Amino acid sequence: MRRFQCSRGAARAREHVWQLRAAEHGGSGAGAAEGSHTSQSRSTVLVSKGHTHSIAFCNVGVLESALTGQRSEKHLEDIGRQVEELLRDHAVLGVCFCEMGQPGKGLTQGSRARVEATIQGGWRRAGAAEHGLAQVYWGGSDEALLCCFRCRAPQLDGSTGAAEHGVVPKSLRVEVASNRLVSGLDSIEKWRCAQVLEVHLVDDVASGEGESVTVINCHLASGKKPLTDRSREECLGNLMNLGCKGAAGVAFCWETI
């Protein structure tokens, strides 16, 4: 089975460093029937200036056929439950999905609307919609990448990002300044791409001061040929360069075999 993993690293900006640490979470899978395989989820924990947040990265493996077949309601229910658990039990800042559709094809508009409604339902059940519903961003019209973020991020006590450490009342406003699809990560397999978002965490109390992080949602799947070490290394190098240009840090994921 393919494992969806996230990087450990740090990028320097201005006078501080965002520290990234990987943490694996459980959660409901999306099943294995109708073009869908068990979901894997991991999170990257971001720690800077006393603010601790985590972003979950999930490989759901759901094709268009899974969302239009006889078990479509079950697949959507599992996705919604996973979103709810990640928000409620792990207090994540956002959730990034890959294989939400077939890479290079994505989902139809109707299936996208159903997925978005499912995510918003999970947001409400988790109590994460107090300041607004999820901010939803697709990687492209024909790609299977999707990221969603809270409108406000709870400031957690401790350094793990786990909900059991308690939530401090103060929170930061989450602004997604840009969302773009970057292709050509591999000089040979040029179809390999990544969804790149610039996310700002703004402190309203401190006169709008805040920090930024580059979130990179990438799925390095095997195509017609298995993913090679050369391809993995080239794509990873390009992803690191993307994340180190001007932002306070980078949180990104890739898939290994």
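## Exercises on a predicted chain

The chain has four helices and 13 strands, where helices (H or I, at least four residues) and strands (E, at least two) are DSSP runs numbered from the N terminus. This is a predicted model, in which local features need pLDDT of at least 70, side-chain atom pairs count only at pLDDT 80 or more, and totals for chains, interfaces and linings use all residues. Residues are numbered from 1 along each chain as its sequence is written, and side-chain values use heavy atoms, with hydrogens and water left out.

### Exercise 1: The overall picture

Work out what share of the 257 residues is buried, and what share of the contacts links residues 24 or more positions apart.

**Solution.** Start with the cut-offs: buried means under 20% relative accessible area, exposed over 50%, and partly exposed in between (1.4 Å probe, protein chains only). By that rule, 54% of the 257 residues are buried.

Next, take contact to mean heavy atoms within 4.5 Å. Among contacts with a separation of 6 or more, residues 24 or more positions apart account for 65%.

### Exercise 2: The largest nonpolar core

Find which residues touch the most other members of the largest nonpolar core, and which helix gives this core its largest share.

**Solution.** A nonpolar core is a set of buried Ala, Val, Leu, Ile, Met, Phe, Trp, Tyr and Cys residues joined through side-chain atoms within 4.5 Å. The largest one here has 25 residues, and Val 95, Phe 97, Met 100, Val 115, Ile 119 and Trp 123 touch the most other members.

Now look at where the members come from. At least two residues each are supplied by strand S5 (51-62), helix H1 (64-68), helix H2 (72-90), strand S6 (94-100), helix H3 (109-125) and strand S8 (146-149). H2 gives the largest share, five residues.

Then zoom in on one member. Not counting residues up to four places away in sequence, Val 115 touches Leu 67, Leu 76, Met 100, Leu 107, Trp 138 and Leu 146. Apart from this core lies another, of 15 residues, with Phe 149, Leu 172, Val 174 and Val 213 among them.

The general idea is a handy one: in soluble globular proteins, nonpolar side chains tend to be buried together.

### Exercise 3: Strand S8 and its partners

Which residues of S8 are buried on its two faces, and which residue in S8 is the bridge partner of Phe 97?

**Solution.** Recall that in a regular strand the side chains alternate between the two faces of the sheet. In S8, Leu 146 and Cys 148 lie on one side, Cys 147 and Phe 149 on the other, and all are buried.

For the pairing, two strands pair if DSSP finds at least two bridges between them. S6 and S8 run antiparallel and are joined by four bridges; Phe 97 has Leu 146 as its bridge partner. Strand S7 (residues 135-138) is also joined to S8 by four bridges, again antiparallel, and here Tyr 137 has Cys 147 as its partner.

### Exercise 4: Positive phi

Ala 91 and Glu 99 are residues other than glycine; what are their phi values, and are they buried or exposed?

**Solution.** Most residues other than glycine have a negative phi. Phi of Ala 91, however, is near 50 degrees, and phi of Glu 99 is near 55 degrees.

Place each residue next. Ala 91 sits in the loop between H2 and S6, while Glu 99 lies in strand S6.

Finally, apply the cut-off. Ala 91 counts as buried because its relative accessibility is 9%, and Glu 99 is buried too, with a relative accessible area of 10%.
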